[in-house]
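Me: I would like to learn how to read a few local features in a structure. Please take them one at a time.

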Amino acid sequence: MKAKMNILRAMFIAVVALFSSSAFAQHRYYHKGQFHSNRSARKVIVVRPTTVVDITYRLSKQDRLDMALAYIRAHKALSISQYSKITGLKIATAEAELDAFAVSHSNPIKMVINGKKKLYVV
């Protein structure tokens, strides 16, 4: 009888030990090793790619004005996207430059708004 009790007690201790070690392993897994973990902290380094911007254009502002005037005289109107294509400027830069040409009193270029589209004429 005493031997049977010792066997039951040993089995109980073994079962408790197995369940507690399993619970501890689950705790470490779900808490990402923050508590009683042998893992070291991970560091993530994000490197942004460097972008090279070429701010020197091949054409001067006067050359681009002459190109715009020649295009307008040949086609009667110039859109922002077309000016961007012929000069190689980005659309926002092309629009700002055409607006500057239209505001200047020394240039013959005038801005005409046709619905949502801006057109530039002489």
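Reply: Start with Lys 76, which is exposed at a relative accessible area of 69% (exposed means over 50%, buried under 20%, partly exposed in between, with a 1.4 Å probe and protein chains only). The model is predicted: local features need pLDDT of at least 70, side-chain atom pairs count only at pLDDT 80 or more, and totals for chains, interfaces and linings use all residues. Residues are numbered from 1 along each chain as its sequence is written, and side-chain values use heavy atoms, leaving out hydrogens and water.

Me: What is the phi of Lys 76?

Reply: Most residues other than glycine have a negative phi. Lys 76, although not a glycine, has a positive phi of about 70°. Lys 76 sits in the loop between α2 (61-75) and β1 (78-79); helices (H or I, at least four residues) and strands (E, at least two) are DSSP runs, numbered from the N terminus.

Me: In what order do the three strands form the open sheet?

Reply: Strands of a sheet pair through backbone hydrogen bonds, either parallel or antiparallel. Here the order is β1-β3-β2, with antiparallel pairing (two strands pair if DSSP finds at least two bridges between them). The edge strands, β1 and β2 (110-114), each pair on one side only. Five bridges join β2 to β3 (residues 117-121), and Ile 113 has Lys 118 in β3 as its bridge partner.

Me: Is Glu 97 buried or exposed?

Reply: Glu 97, in helix α4 (residues 91-103), counts as buried because its relative accessibility is 10%. Leaving aside residues up to four places away in sequence, Glu 97 touches Lys 61, Arg 64, Tyr 83 and Leu 89, where contact means heavy atoms within 4.5 Å.
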